Amino acid sequence: MKNSKAGIFSLGLLLAFGGGPLQAQAPAPKEGYQYPELLVVPRASQRLATLANQESKSRARTHFVLQAPAFFTLLAGASAMSMKEAKSKEAAAIASGIGLGWLVGTFGLGAMYTPYRTAQQDIAALGDKTQEQSLAKERRAEEALYFPAYVMRRVQYIAAFTNFAGAIAITSLPEENDKVKAVAGVAAVMAFLPLVFDHPWITNYDQQQDYKKRIYGPVAELTLLPEVSHAQPLEPRISWVPGFAYSLRF
């Protein structure tokens, strides 16, 4: 009976005070109601325009997080070319090929592929006179931010694995050469650089998504929380008590 009364009392408090958030962002304007794409600052289209203007200037360092490991893999392979055994030279050629391949590939990617500028040119032609047009424009801009990040999340794992394999191929050689193996050891560590520091394409998209999530937070509200009673160890009872929930993110 006591638990029943406590439950009824808790439910009454929840209905009386827990109907809405105690703390939340000010109500959205009517035009942007329930559309976080239109409420986030900066909007995806604004971020895309900024990144498109910066893309040509930052092209040389955009893929640095992939190029640095590739350089050390190439350096390790080139150093191993001085080793005498045929197996060592074969491993050196493989490591050199991996490093050179990633360097050429990333420099070529930076020269020929400009995802932000290309998308900005397409989106600039879209109108934004109505809410529907604005929403379509923002969602197209978000897609333009998402696709390079989606591709790069997979590329960074491939880069880390291949560069690490090339470096380990040299460090595991039976032929002794402390200098070469030290360089290869550094290359093996550097191979994980893309997994430690995100590529700018990934950072740009994640930051935009984080700003959009913050529109709904912080949120605080009353709720019911379970309380387990161990008065009878073999038959624990669960009762519900009023509680306070607080979230910084939606």
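Q: Contact means heavy atoms within 4.5 Å. Among contacts in the protein with a separation of 6 or more, what percentage comes from residues 24 or more positions apart?
A: The model is predicted: local features need pLDDT of at least 70, side-chain atom pairs count only at pLDDT 80 or more, and totals for chains, interfaces and linings use all residues. For contacts with a separation of 6 or more, the share from residues 24 or more positions apart is 76%.

Q: What is the average pLDDT of the protein?
A: pLDDT is the predictor's confidence in each residue, from 0 to 100. A score of at least 70 is reached by 76% of the residues. The protein's average is 82.

Q: How many helices and strands does the protein have?
A: Helices (H or I, at least four residues) and strands (E, at least two) are DSSP runs, numbered from the N terminus. Along the sequence the pattern reads α-α-α-α-α-α-α-α-α-α-β-β. The total is ten helices and two strands.

Q: What percentage of the 250 residues is buried?
A: Buried means under 20% relative accessible area, exposed over 50%, and partly exposed in between (1.4 Å probe, protein chains only). By that cut-off, the buried share of the 250 residues is 34%.

Q: Within what arc do the buried residues of H6 fall, seen down its axis?
A: Helix H6 spans residues 115-123, and its buried residues are Pro 115, Tyr 116, Ala 119 and Ile 123. They line one face of the helix, because they fall within a limited arc seen down the axis of H6: 90°.

Q: Which helices are among the cover over the buried residues of H6?
A: The cover comes from other parts of the chain, among them three segments: 44-55, 131-171 and 200-213. By name, they include H3, H7 and H10.

Q: How many salt bridges does the protein have?
A: A salt bridge is a side-chain nitrogen of Lys or Arg within 4 Å of a carboxyl oxygen of Asp or Glu. One of them joins Arg 139 and Glu 37. The count is four.

Q: What is the N to O distance between Arg 139 and Glu 37?
A: Arg 139 is partly exposed, with a relative accessible area of 39%. Glu 37 is buried, at 9%. Their side chains meet in a salt bridge with an N to O distance of 3.2 Å.

Q: How far apart in sequence are the parts that Glu 138 and Arg 43 tie together?
A: The side chains of Glu 138 and Arg 43 form a salt bridge at 4.0 Å, N to O. Glu 138 lies in helix H7 and Arg 43 in the loop between H2 and H3, so the pair ties together parts with a sequence separation of 95 residues.

Q: Is Glu 142 buried or exposed?
A: The side chains of Glu 142 and Lys 212 meet in a salt bridge of 3.0 Å, N to O. Glu 142 sits in helix H7 and Lys 212 in helix H10, so the bridge ties together parts 70 residues apart in sequence. Lys 212 counts as buried at 15% relative accessibility. Glu 142 has a relative accessible area of 12%, so it is buried.

Q: What geometry does the aromatic pair of Tyr 146 and Tyr 205 have?
A: Rings of Phe, Tyr and Trp (its six-membered ring) pair if their centres lie within 6.5 Å; planes under 30 degrees apart count as stacked, over 60 as edge-to-face and the rest as tilted. The count of aromatic pairs is five. For Tyr 146 and Tyr 205, the centres are 5.4 Å apart with 65° between the planes, which is edge-to-face.

Q: Which phenylalanine does Phe 164 touch?
A: Phe 164 is in helix H7 and is partly exposed, at 30% relative accessibility. Not counting residues up to four places away in sequence, Phe 164 touches Ala 188, Ala 191 and Phe 192.

Terms used: Residues are numbered from 1 along each chain as its sequence is written. Side-chain values use heavy atoms; hydrogens and water are left out. The arc is that of the directions from the helix axis to the C-beta atoms.
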